[in-house]
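Take a look at the structure below. We will walk through its ring pairs, its strands and its charged pairs.

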Amino acid sequence: GGCPLLRQALAEYLSVARSVRADADQIIITEGVHQAVDLVTRVLCDAGDPVWIEEPGYWGTRNLLRINGLKIQAKAVDEQGIVPDLTSRSKPPKMIFVTPSHQYPLGVHLSLERRRQLLDFARKHKSWLVEDDYDSEFRFSGQPFPSLQGFEADAPVIYMGTFSKTLYPALRLGYLVVPKALAQPLRLAAAELYRGGHLLIQRALAEFIQKGHYMAHIRRMRKLYSQRRQFLTGLISRYLGEAFMPAVNYQAGLHLVLPLPQGCDDVAIAALALRRGVKVRALSQYYMHPQEKRGLLLGYACVDERQCQDAFGALRGCLLEAGVIARGSGTENLA
């Protein structure tokens with residue numbers, strides 16, 4: 001299950017920061033969220049079992065579920081989060097994958113009513129809710145939303161987290177928090193499937209958390225990322241106009257979605273931007289089924305204001321070339 005010191009440090013941190021109810025024995029250290037998804041689906045699902053995912057949602061999860069032979073059912077996301085199909089007479093899902101604190105990629109959070117609906121549904125149908133607590137640490141106004149796992153005692157929730165966003169991806173460290181009944185079999189399965197390692201790094205990370213450095217780091221980054229988000233939204237408002245401001249303006253996360261008119265080719269625009277040295281992602285690629293919504297995911301956390309302005313200028317040029325905005329609408333040169 002990973003280094004005992006790290007599991008204990010995580011149990012204490014998650015209790016305070018995310019209202020997670022768990023002790024160290026319920027935590028399994030993984031090499032990121034991908035391995036966590038692979039572990040729970042291999043052990044708890046059979047080929048052909050139905051599972052629900054968010055639409056749009058993270059394609060990495062979708063690909064893993066497909067590889068493991070599961071029947072994927074995409075459920076729409078609105079301003080309150082995933083829309084559960086509570087009246088369907090079809091076979092209930094074995095697992096429901098959600099990002100309740102900060103939906104990826106749209107940025108909405110799961111409402112109180114939807115949380116209750118999902119928990120009631122999961123208990124009734126013996127389904128597992130798999131909570132990816134994506135970007136929960138980076139909320140820039142108000143208090144962070146508590147975890148779905150800690151919403152009720154003994155909730156049928158498997159909780160996943162990672163250090164890829166808060167520290168850096170090359171650590172290859174994530175974790176699962178599982179119900180007590182699943183802890184021993186999943187820890188045994190993880191040992192047999194993956195053969196854990198990186199114990200020296202795990203021990204160093206445990207010390208980093210226990211001495212308060214991790215929470216101090218989160219506070220510093222939260223302030224910095226908030227400033228960078230404000231800078232980027234200012235560029236959008238000034239040089240593209242209010243029509244291109246994100247439809248969901250939640251003060252959270254490491255990216256925002258730039259809406260584009262229906263019918264434009266966001267994949268082609270993203271490819272053009274990449275050729276000019278700017279990496280953005282097309283919103284349409286996050287949908288399992290074709291639809292009309294178009295947009296670009298803009299990450300702002302890893303770039304300073306000078307880099308952001310230069311990249312935004314290049315992206316604006318791509319939008320001009322694609323005919324999404326007209327010449328003369330705003331300042332042509334951001335330099």
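A search of the whole structure finds eleven aromatic pairs. Here, rings of Phe, Tyr and Trp (its six-membered ring) pair if their centres lie within 6.5 Å; planes under 30 degrees apart count as stacked, over 60 as edge-to-face and the rest as tilted. One of the pairs is Trp52 with Phe121, which is stacked, at 5.1 Å centre to centre and 25° between the planes. This pair links distant parts of the chain. Trp52 sits in strand S2 (residues 50-55) and Phe121 in helix H4 (residues 112-125), 69 residues apart. The helices (H or I, at least four residues) and strands (E, at least two) are DSSP runs, numbered from the N terminus.

Before going on, note what kind of model this is. It is a predicted model, in which local features need pLDDT of at least 70 and side-chain atom pairs count only at pLDDT 80 or more, while totals for chains, interfaces and linings use all residues. Residues are numbered from 1 along each chain as its sequence is written, and side-chain values use heavy atoms, with hydrogens and water left out.

Are Trp52 and Phe121 buried or exposed? Buried means under 20% relative accessible area, exposed over 50%, and partly exposed in between (1.4 Å probe, protein chains only). Trp52 has 3% relative accessibility, so Trp52 counts as buried. Phe121 has 8%, so Phe121 counts as buried too.

Now move to Trp59 and Tyr286. Their ring centres are 4.6 Å apart and their planes stand at 35°, so this pair is tilted. Trp59 lies in helix H3 (residues 59-67). Tyr286 lies in the loop between strand S10 (281-282) and strand S11 (294-299). The pair therefore ties together parts that are 227 residues apart in sequence. Trp59 counts as partly exposed because its relative accessibility is 23%. Tyr286 is buried, with a relative accessible area of 0%.

Rings can also gather in a group. Tyr13, Phe163, Tyr175, Phe208 and Tyr214 form one aromatic cluster. Tyr175 leads us to the strands.

Tyr175 belongs to strand S8 (residues 174-177). Tyr175 and Val177 point one way from S8, while Gly174 and Leu176 point the other way. All four residues are buried. Which strands join S8? Two strands pair if DSSP finds at least two bridges between them. Strand S1 (residues 27-30) is joined to S8 by four bridges, and the two run antiparallel. Across this pairing, Ile29 stands opposite Tyr175, and Thr30 stands opposite Gly174. Strand S7 (residues 157-162) is joined to S8 by four bridges as well, again antiparallel. There, Met160 stands opposite Leu176. S1 is covered on both faces. Ile27 and Ile29 on one side are buried, and so are Ile28 and Thr30 on the other.

Next come the charges. Side chains of opposite charge can pair when their charged atoms come close. How many salt bridges does the structure hold? There are 14. A salt bridge is a side-chain nitrogen of Lys or Arg within 4 Å of a carboxyl oxygen of Asp or Glu.

One of them joins Asp23 to Lys180, with the closest N and O atoms 3.9 Å apart. Asp23 is in the loop between helix H1 (4-18) and S1, and Lys180 is in helix H5 (residues 180-194). The two are 157 residues apart. Asp23 is partly exposed at 33% relative accessibility. Lys180 is exposed at 60%.

Asp25 and Arg187 also meet in a salt bridge, at 4.0 Å from N to O. Asp25 lies in the loop between H1 and S1 and Arg187 in helix H5, so the pair ties together parts 162 residues apart in sequence. At 46% relative accessibility, Asp25 counts as partly exposed.

Glu207 and Lys211 form another salt bridge, at 3.2 Å from N to O. Glu207 is partly exposed, with a relative accessible area of 43%. Lys211 is exposed, at 56%. Elsewhere, salt bridges that share partners join Arg7, Asp25 and Arg187 into one network.

Last, find Phe145 in the loop between strand S6 (128-132) and S7. What does Phe145 touch? Not counting residues up to four places away in sequence, Phe145 is in contact (heavy atoms within 4.5 Å) with Arg18, Ser101, His109, Arg115 and Arg139.
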